[in-house]
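Reader: I am new to this structure and would like to be walked through it step by step. Please show it to me before we start.

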Amino acid sequence: EENRKVYRRKKIFTLMFSIMHSIVGVEENIAFTYGAMGKENQAINEALELNTKLYEKHYEKWAFTNNTKVNKFFGSKDAFKKCIDISDDVEKLKQFYHKLKAQKEHYTFYHLKSEEDFIDTLQRIFAYSKSSRVYMVPDSNGNMDAVCFAINWGEYFAFQLENPQGLFKAVANMELTDNILYPIMITGSPENVDVLLKGIASHYNKHYKCKVTNLNSYAGDPYAKTKKSALNDEYLFLIICNDVEKLEAMKNRSKGTDGNVKLFIDVPLL
């Protein structure tokens with residue numbers, strides 16, 4: 001434009017941030033918008049800063065890590081022998097909900113406010129993906145300990161690289177993105193969560209050709225040791241709001257004994 005190089009991506013960022021800023025305050029009950037984005041760069045930072053000043057809103061960025069596990073090496077057949085499918089057991093699913101709520105209801109943007117909301121979320125995903133299931137690992141007394149919702153992401157959400165080049169062409173040929181295991185709502189003891197995640201990784205690799213597992217982690221994550229991988233990408237959660245005091249109160253409420261603020265990493269944004 002006028003002999004100046006203007007990067008298209010910066011215009012896209014400005015458009016998306018404008019939409020997020022516009023939503024906040026449109027209705028009295030909308031105080032926040034949030035979303036995830038890749039590693040920040042100059043274009044993102046400049047677009048966000050200028051846009052926020054224009055709309056006179058407040059924003060914050062929170063880091064999290066997306067870890068990729070190769071299921072052939074991460075998975076364990078012996079671990080899966082301890083996993084129990086409770087997807088069709090309504091009473092067990094309700095127990096799962098209350099266990100999840102007890103651990104995460106203080107998270108800043110926790111939004112599963114009732115058993116009905118929780119069951120409805122599961123059923124909507126089951127309707128799209130028959131292989132997405134809820135698995136648990138019992139404790140030594142046979143009671144529910146580790147439990148999560150294992151989503152076959154490739155079945156639930158189609159992802160395809162169009163006209164891939166270079167490294168992305170190799171990735172496309174390997175079909176790594178065709179079926180991705182995405183465990184969410186993870187709760188339970190770290191020891192049995194380790195068994196659970198390794199078990200379902202093996203199961204989905206064998207029966208559904210899910211070659212990789214994606215696991216989000218963050219500061220203060222009790223399952224960081226199991227999730228940690230040399231294959232990882234740094235991401236950011238972006239929060240835009242028009243009520244800074246309310247946001248600070250919510251963050252203080254969600255701060256754990258370790259001093260880390262808990263947001264919404266393990267709650268599905270679906």
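Reader: Which residues have the most contacts inside the largest nonpolar core?

Author: This is a predicted model, in which local features need pLDDT of at least 70, side-chain atom pairs count only at pLDDT 80 or more, and totals for chains, interfaces and linings use all residues. Residues are numbered from 1 along each chain as its sequence is written, and side-chain values use heavy atoms, with hydrogens and water left out. A nonpolar core is a set of buried Ala, Val, Leu, Ile, Met, Phe, Trp, Tyr and Cys residues joined through side-chain atoms within 4.5 Å, where buried means under 20% relative accessible area, exposed over 50% and partly exposed in between, with a 1.4 Å probe and protein chains only. The largest such core has 36 residues, and those with the most contacts inside it are Phe32, Phe96, Phe118, Leu122, Val134, Phe149 and Met185.

Reader: Which element gives the largest share of this core?

Author: Helices (H or I, at least four residues) and strands (E, at least two) are DSSP runs, numbered from the N terminus. Elements that each supply at least two residues of this core include helix H5 (90–104), helix H6 (115–128) and strand E4 (133–138). The largest share, five residues, comes from H6.

Reader: How many residues does the second, separate core have?

Author: This core includes Val193, Ile200, Tyr204 and Cys210. Its size comes to 20 residues.

Reader: Which residue of E8 stands opposite phenylalanine 64?

Author: Two strands pair if DSSP finds at least two bridges between them. Strand E2 (residues 58–70) pairs with E8 in the antiparallel sense over ten bridges, and strand E1 (residues 32–37) also pairs with E8 in the antiparallel sense, over six bridges. In E8, methionine 37 has leucine 236 opposite, while the residue opposite phenylalanine 64 is tyrosine 235.

Reader: How much of the chain is buried?

Author: The chain has 270 residues, and its secondary structure comes to eleven helices and eight strands. Buried residues make up 44%.
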